[in-house]
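User: I have a structure open and want to go through its contacts and surface. Can we take it piece by piece?

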Amino acid sequence: MMENFGIICGVTLGLFGSVFSVVQFFYQRHKDKEQAEREAQRDKEQAEREAQRDKAQDLKDRLTFLTQVIIDKDIPRESRQPFYEEYIAKGGNGTVVKFWLENK
């Protein structure tokens with residue numbers, strides 16, 4: 001009788017352990033999938049931020065170049081006109097515009 005009880009308990013615990021293991025496997029797989037989705041979203045957002053930062057830096061670099069050309073008095077004013085127009089079109093303002101308007 002005790003042997004049968006021990007066998008039944010062993011089989012029951014074994015089956016419970018097996019079922020628990022399968023449930024744990026599927027739960028972990030679900031959690032891994034969610035984590036991968038979060039990481040992919042984070043990577044996408046970071047790439048977008050880097051692209052915006054690069055675009056802003058490119059604009060800043062272009063405005064700096066245009067400023068240097070506009071201020072260079074060795075270049076005839078007529079030749080600098082397209083650079084000034086591009087500078088204004090790209091949102092440039094401030095002292096460069098003042099310089100341009102004062103030095104006709």
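User: Start with Lys-31 and Glu-34: what do their side chains do?

Analyst: They meet in a salt bridge, at 3.9 Å from N to O. The rule is a side-chain nitrogen of Lys or Arg within 4 Å of a carboxyl oxygen of Asp or Glu. This is a predicted model, where local features need pLDDT of at least 70, side-chain atom pairs count only at pLDDT 80 or more, and totals for chains, interfaces and linings use all residues. Residues are numbered from 1 along each chain as its sequence is written, and side-chain values use heavy atoms, with hydrogens and water left out.

User: Where do Lys-31 and Glu-34 lie?

Analyst: Both are in helix 1, 3 residues apart, which is about one turn of the helix. Helices here are DSSP runs (H or I, at least four residues), numbered from the N terminus.

User: Switching to rings. How many aromatic pairs does a search of the whole structure find?

Analyst: It finds 3. One of them is Phe-25 with Phe-26: the ring centres are 5.3 Å apart and the planes are at 70°, so the pair is edge-to-face. Rings of Phe, Tyr and Trp (its six-membered ring) pair if their centres lie within 6.5 Å; planes under 30 degrees apart are stacked, over 60 edge-to-face, and the rest tilted. Phe-25 is partly exposed at 48% relative accessibility, and Phe-26 is partly exposed at 44%.

User: And why are Phe-65 and Phe-83 edge-to-face?

Analyst: Because their planes are at 75°, with the ring centres 6.2 Å apart. That pair links distant parts of the chain: Phe-65 is in helix 1 and Phe-83 in helix 2 (residues 77-89), 18 residues apart. Phe-65 is partly exposed at 35%, as is Phe-83 at 26%.

User: Surface next. Which residues make the nonpolar patch?

Analyst: Ile-7, Val-11 and Leu-15, covering about 300 Å². Patches take residues with over 30% relative accessible area and no salt bridge, joining like charges within 9 Å and nonpolar side chains (Val, Leu, Ile, Met, Phe, Trp, Tyr) within 5 Å. Ile-7 lies in helix 1 (residues 2-71), and is exposed with a relative accessible area of 53%.

User: Which residues are buried in helix 3?

Analyst: Val-96, Val-97 and Trp-100. Seen down the helix axis, the buried residues fall within an arc of 100°, so they line one face of helix 3. The arc is that of the directions from the helix axis to the C-beta atoms. The face turned away carries the exposed residues Thr-95, Lys-98 and Glu-102.

User: Which element has the lowest mean pLDDT?

Analyst: Helix 3 (residues 95-102), at 82, while helix 1 has the highest, at 94. pLDDT is the predictor's confidence in each residue, from 0 to 100. The chain averages 91, and 99% of the residues score at least 70.

Note on methods:
Areas by Shrake-Rupley, 256 points an atom, 1.4 Å probe, with all protein chains shown as cover. Helix = DSSP H or I, 4+ residues; strand = E, 2+ residues; numbered from the N terminus. Buried < 20%, exposed > 50% of the residue type's maximum accessible area, 1.4 Å probe, protein only.
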